[in-house]
Every structure is written in C-alpha cells, then in structure tokens.
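Subject: Structure for you to look at, with notes

Dear colleague,

Please find the structure below, followed by my notes on what turned up in it. I would be grateful if you could read them with the model open beside you.

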Amino acid sequence: MSAVFRSLATIDYRIWFAGALVSNVGTWMQRTAQDWIVLTELSDHDAVALGITTALQLGPQLLLVPLSGLIADRFDRRRTLMLTQLAMGLLGAALGAIVLAGVAQLWIVYVFALLLGIASAIDAPVRQTFVSELVTGPNLGNAVALNSASFNAARTIGPAVAGLLVVAVGAGWVFLINAVSFVAVLVSLRFIRPSRLVPVTRAPRSKGQLLEGFRYVRGRPDLLVIFVIVFVIGTFGFNYAIFTSTMATVEFGLDSAGFGLLTSIMAVGSVAGALLSASRDKPRGRLVVTASLGFGLSALAAALSPGYAFFAMALVAIGFAGQVLMTTANGTVQTTTDPAMRGRVMALYMAIFMGGTPIGAPVLGAVANTLGPRWALGVAALAGVVAFVIGAVWLVVYRDARLRWVERVAGGAALRLRVPLRLEFGPGDRMRDQVTATGSFSGVAASEELREDLETEEADARRA
C-alpha cells in the first residue's frame, strides 16, 4: 500500500473510513439543499438569512466546547458516536418530511440548524479523536489527512448530486437521502470490535476539568499560534457557502445545478490538498503559515476573476490551500497533544475553527448584500494575508526563524542558483528544548507506545 494510504492497512480504520465517506456524501447533499432553499425558496436571495443559518448550525461548537471536549475524554467514543450520528440522521429525516409536506418556513430551518449544530458540536471532538483509537503511532497523522480527503471527496460528490436532485425531485428528498446515509456510519461502528481499539487513558473525575483544556493550550505557544491562524481564516475565510452561492446566483445567474458544480469544483482542490498532506511523513506548523498566504492570494484571484471559468480555477486553488492549512493544523494539534487531553484540546480547536464562522458568516453575508460577493471574497483574502503575517512574525520573533539560501544546480552543472528554500531556527529559538527532531512537543505526557514511536522517528530523522 502506498505511503499516502498507509493507515488503511488497519482493518477497523478501513471500516470506519468507508462508513464515514458515505455519511459525508449525504451530509454535503443536505448542506447544499439547505443553503439553496434558504437562499431561493424561503428568502429573496438574502445572504444574511444564509449567514444566520450557518451561524446557528456552527455556533454550538463555540458555546459547548468545555462540555463536548470532556465528553470526548471521559466517555466511550464509539458508543457516543452511535448516539450523535443517530440524532443527526433523525433530524435530517424530520426536516425532509417537513419540506415534503410543504410547511417549511425560514424559522423552522433555523431551529433544525440549531439542533443539528448541538449534535455536531458533541460529535466533532469525539469523531476527531476516535481516529487515535483506530490508528496509532506514526500513521496517526496520515489517518487524520485521509479523513480530510474523505470529507472533501464527499464534498466533490455530494453538492453536485444534490444540485441535480433538487431540480429533479426537490430538496425534501435530498434531506431524506442524507438521513439514510447515516445508516452506513452506524453499521461501520457496529462492526468495529472494541477489543481491537487502542486503549485510551480516560480523564478521571476531578475539579476544574472543564477548563483544563484552556490551561493546557495556554502553556503551548506552538498551539496558540495555530489556533489564532485557524480562528482568523475560519471566521472570515472559510465561509464557502456564502461565496459560492452568491457568486453563482448574483454574478453568474446559475441555477442549483450550477451552484452544486462550483462547490464540487472547489472540492477537487481540497481533495488534492488532503492527499498532499497525507503523503507527508509528519504535519508541521510552519506549513500552516505558508498555506494561509496561499489561501489569501487564491481568494484575491477569485474576487478579481473576470468570468466563470477563471472563478472556477480560483476555487480549486482556494480548496487546495485551505485544505492543506486545515489538515496540517488538525494533524499537528492531534499528534503533539497529550492523549489524556486530546478530546478537550480538539474540542477547543473545533470551536476555534468552526465557532468563528457564526461571527463571520452574518458579516460576510451583509458585505455580499451591500457591496457584492466579490467584496466578501476580498475580506477572505485579507484574512489569509493577516493570518500569514501573524504566523510569520511568530516564527521570526519567537523561534528565530530564518530562510537559508541553498545552492541548487539547474541544467546540469552549467547553472547554479541560490534560492531561499530552507527554513531554519536560530540560537534564539525559545522552543529549542521543547521540540523534538521530528517536530513533536517534548512535553507531551504520551503513552509508552507513542513514546517508542517518537524515539524511532527521531532516530530516523537524525540518520537522515
């Protein structure tokens, strides 16, 4: 099996991967249909209404972060996932029945978006950390990246199928199909044997557990800068539904099929970014900084696109840069966090990543309504550049990072070039004694098995 798919060698991860892929396709179908009926059937192309729907669906990620992280660290993750996935499937079925009955109103969609957001807020950190029970050691980062590839492969398929089905049979049936898709992930969880899962250190009952994740991250400056970058871009950059829907309807006059196609086109770049991240031996924080600049420049190109074809190409670049950023940030946080704290830290990460959207979505919706969708994309571009500046300043000031000029030979021995290709940390690096040769945080109180994996990787890195 190639290095890109090496974590699929674990049978339980293969079962989980297949079930999650089917469910993710259904989820993206519902998201596309929901955005479409809010924008075209329940409002008069009101981007603010779409922003409110997004805010209600993602807001609980921010409000429930202490509780959802503690649930992920304390309770059986497999059983918890069964409950949250079942709840989201029932919500999809109920919304589908309401739409088919012809009694759907905007406030009803708001209520379902909020309920789905609550279920997703509990589900997200559990689902993210459950991977560490299926795959361990050096393959964990690869499994995290493949999860992102699965999610974005579904984003390629789901919106395109949903766009066609909305025209053919209506949005109500799309919601019902999504409800059925949850059966796949429930079946996969049923077939995963608990005896084969990697043992996890459960968080003991003690005072102050809800805030312990905040204290842990506060003592990790390398995680703090990643969280800040993710918050800036997640708040004002990752509002893809607003960008694609308003550009599709307002700028290019497309129907639901065209809107779904644009979302799928962007997902092509996202899948490519996830697979690139999966091919890397280890996620590194410095790539998060570089990807944020790539995201900002891609969003600027989309804002200035003269036509539909150029806009579609810019969406591929946005999807690629955004996915490299998200996958690398996610993998860095998971692989360098104490396993006993992983649930609470990932809950905080998901809250930062998705919880910022309720702040940015209504703002960007208002910008799109008032100034036009191109200006909303301009805000996303600015967010990418600001995030890059924050990361670059941290690398230079806190870690004493410098670009080293490396001599490269081109065209045989006739041409020698000196280009800044290597980033090195100088003697003023304040994390010199905290980061291992492979980029792992040495203060992680990891399990013995994980320590052995890290020691093996460090030995390989020194030999290299």
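The count of salt bridges comes to 5, where a salt bridge is a side-chain nitrogen of Lys or Arg within 4 Å of a carboxyl oxygen of Asp or Glu. Please bear in mind that this is a predicted model, in which local features need pLDDT of at least 70 and side-chain atom pairs count only at pLDDT 80 or more, whereas totals for chains, interfaces and linings use all residues. Residues are numbered from 1 along each chain as its sequence is written, and side-chain values use heavy atoms, with hydrogens and water left out.

One of these salt bridges joins the side chains of Arg196 and Asp12, at 2.6 Å from N to O. This pair links distant parts of the chain, since Arg196 sits in the loop between helix 7 (171–191) and helix 8 (209–218) while Asp12 belongs to helix 1, 184 residues apart. Helices here are DSSP runs of H or I with at least four residues, numbered from the N terminus. Asp12 has 3% relative accessibility and therefore counts as buried, whereas Arg196, at 36%, counts as partly exposed; buried means under 20% relative accessible area, exposed over 50%, and partly exposed in between, with a 1.4 Å probe and protein chains only.

A second bridge, between Asp123 and Arg127, has an N to O distance of 2.7 Å, and both of its residues lie in helix 5 (residues 106–134), 4 residues apart, which is about one turn of the helix. Asp123 is buried, with a relative accessible area of 1%, while Arg127 is partly exposed at 30% relative accessibility.

The side chains of Glu251 and Arg374 also meet in a salt bridge, at 3.4 Å from N to O. This pair again links distant parts of the chain, with Glu251 in helix 10 (residues 240–251) and Arg374 in helix 16, 123 residues apart. Glu251, at 34% relative accessibility, counts as partly exposed, and so does Arg374, at 25%. Helix 10 itself is mostly covered, with 9 of its 12 residues buried, among them Tyr240, Phe243 and Met247. Just after helix 10, Gly253 takes a positive phi of about 60°.

Leaving aside residues up to four places away in sequence, Tyr13 touches Ser7, Leu8, Val131, Leu134, Val135, Ala143, Leu146 and Asn147, a contact being heavy atoms within 4.5 Å.

Phe227 is one of the buried residues of helix 9. Because 12 of the 16 residues of helix 9 are buried, this helix is largely enclosed by the rest of the structure. Helix 9 (residues 221–236) reaches 23 Å from its first C-alpha to its last, close to the 22 Å expected at 1.5 Å a residue, the expected span being 1.5 Å times one less than the number of residues.

Finally, Pro221 and Trp394 are 173 residues apart in sequence and 9.5 Å apart in space, C-alpha to C-alpha. Trp394 lies in helix 16 (residues 373–397) and counts as buried at 18% relative accessibility.

With best wishes

Technical notes: Helix = DSSP H or I, 4+ residues; strand = E, 2+ residues; numbered from the N terminus.
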